Amino acid sequence: MASDKGAENSSTLPAVFPAWMDRLQIKYMNPVVKPLSKFIPGASVISHRGRKSGKVYSTVVTSYRKGDMLAIALGHGRTDWVKNVLAAGEADIRLFRRELHLTNPRIVPAGSDDRSLPFALRLQNRKVAVLVTDIG
């Protein structure tokens, strides 16, 4: 597991999944899960723009909503989609069959005891960082 030396200053965040699993998920699992995400509880598709290319990308994530806040556990660490969302300051997400616009993205570092997070994410936040956004 990578160590976290300050979520804001570091390009790395703790990751619980090995790099080979990231490649496997991107190449094989995401293309299968993406069309089914409307029907899988918790599965969402986040749309974001590339930092340099401006191209629109879609990534399958597991999101948790609590009021006007949406949170995503970063089990793979600071990946490209996380960097894109932080750089743009916004993204869109398809949560079940609803499209939501996300604003004000920020990272809650691993080990934080943030009571505003949904319970399932508080448990995950012991080991991994969490991306928190406002629904706008």
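Where is the place of glycine 111? In this predicted model, glycine 111 sits in the loop between β5 and α3 (119-124); helices (H or I, at least four residues) and strands (E, at least two) are DSSP runs, numbered from the N terminus. Residues are numbered from 1 along each chain as its sequence is written. As the model is predicted, local features need pLDDT of at least 70 and side-chain atom pairs count only at pLDDT 80 or more, while totals for chains, interfaces and linings use all residues; side-chain values use heavy atoms, with hydrogens and water left out.

Glycine 111 counts as exposed because its relative accessibility is 52% (exposed means over 50% relative accessible area, buried under 20%, partly exposed in between, with a 1.4 Å probe and protein chains only). Leaving aside residues up to four places away in sequence, glycine 111 touches Asn125 and Arg126, where contact means heavy atoms within 4.5 Å. Between the C-alpha atoms of glycine 111 and leucine 123, twelve residues apart along the chain, there are 9.6 Å.

Tryptophan 81 touches Ile46, His48, Thr59, Val61, Ile72, Leu74 and Leu131, not counting residues up to four places away in sequence.
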